Amino acid sequence: MVPIRDSNPRHQVPYVTYCLILLNLFVFGYEFFLSESALEVFFKQFAVIPKTTTENLDLVLQGKFQNLGALYPLITALFLHAGWLHLGGNMLYLWVFGDNVEDRMGHAGFLAFYLLCGLGATLIQLFFDPLSKLPNLGASGAIAGVLGAYVIRFPRAKVLMIIPLGWIPIPFEIRALYFLGWWFVQQFFFSLLSLGVAANVGMEKGGIAYWAHAGGFVVGAILLTVFDRRRTEIR
């Protein structure tokens, strides 16, 4: 199921959503022109390597690690993507659902919310897969947080999606509660299946970080209560 647009009106231009999309496109454009070896080095430097990051976080919690700057991949990894489909899928979901969530939170609030969702999603993925050496990267966790906030605040909004029937795209309209609810159920189910299996979107032999998706969704639903400026209105 591929979302095309929603029927949810907004009241302001979603500048942060647009800027996030442009930044992701810009970074991917930079990746595109790197050689395979240079891209591998780039991912190892700016993506989250679960084993390394987990070790650094453990040292921080023990008060034995002073170089907090070494944890920057927890943020930079949110702007890296492993391929066209990875990038396109993420940006499509951010385009369809991000504007209304930004509308509720304001520009600064939405940016903080987005980054915190991405950070929370990554930490949840690290908890379930702390020893992987594959780069963990992508905006999926942060965008999952946007979806979690959207489905709580706009459960009755209509989403126009396409269901591929062979080569024929079939348009179909469905409420956000069912579309995003089913998305979450899928991610959580695959998260359970991935227990004990390396599941990081990374380089050529990577997979999908389902715990980051499911976890980011829950983090977004929770953080909505903090960042939503109009808590009583549900559409």
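**Helix packing and nonpolar cores**

The model is predicted, with an average pLDDT of 88 over the chain. The largest nonpolar core has 47 residues, and both α5 and α6 give two or more residues to this core.

**Confidence**
- A pLDDT of at least 70 is reached by 89% of the residues.
- Residues 197–206 have a pLDDT below 50, and this stretch has 38 contacts in the model beyond near neighbours in sequence.
- Where pLDDT is low, the predicted coordinates should not be read in detail.

**The α5/α6 pair**
- On the α5 side, the residues in contact are Leu94, Gly98, Val101, Glu102 and Met105.
- On the α6 side, they are His107, Gly109, Phe110, Phe113 and Tyr114.

**Nonpolar cores**
- Phe97, Phe110 and Phe113 touch the most other members of the largest core.
- Phe110 and Phe113 also belong to the α6 side of the contact with α5.
- Leaving aside residues up to four places away in sequence, Phe97 touches Pro3, Val146, Leu147, Tyr150, Val159, Phe179 and Leu180.
- Another core, of five residues, lies apart from the largest one and has Val48, Leu71, Ala77 and Leu126 among its members.

Methods
Residues are numbered from 1 along each chain as its sequence is written. This is a predicted model: local features need pLDDT of at least 70, side-chain atom pairs count only at pLDDT 80 or more; totals for chains, interfaces and linings use all residues. Side-chain values use heavy atoms; hydrogens and water are left out. pLDDT is the predictor's confidence in each residue, from 0 to 100. Contact means heavy atoms within 4.5 Å. A nonpolar core is a set of buried Ala, Val, Leu, Ile, Met, Phe, Trp, Tyr and Cys residues joined through side-chain atoms within 4.5 Å. Buried means under 20% relative accessible area, exposed over 50%, partly exposed in between (1.4 Å probe, protein chains only). Helices (H or I, at least four residues) and strands (E, at least two) are DSSP runs, numbered from the N terminus.
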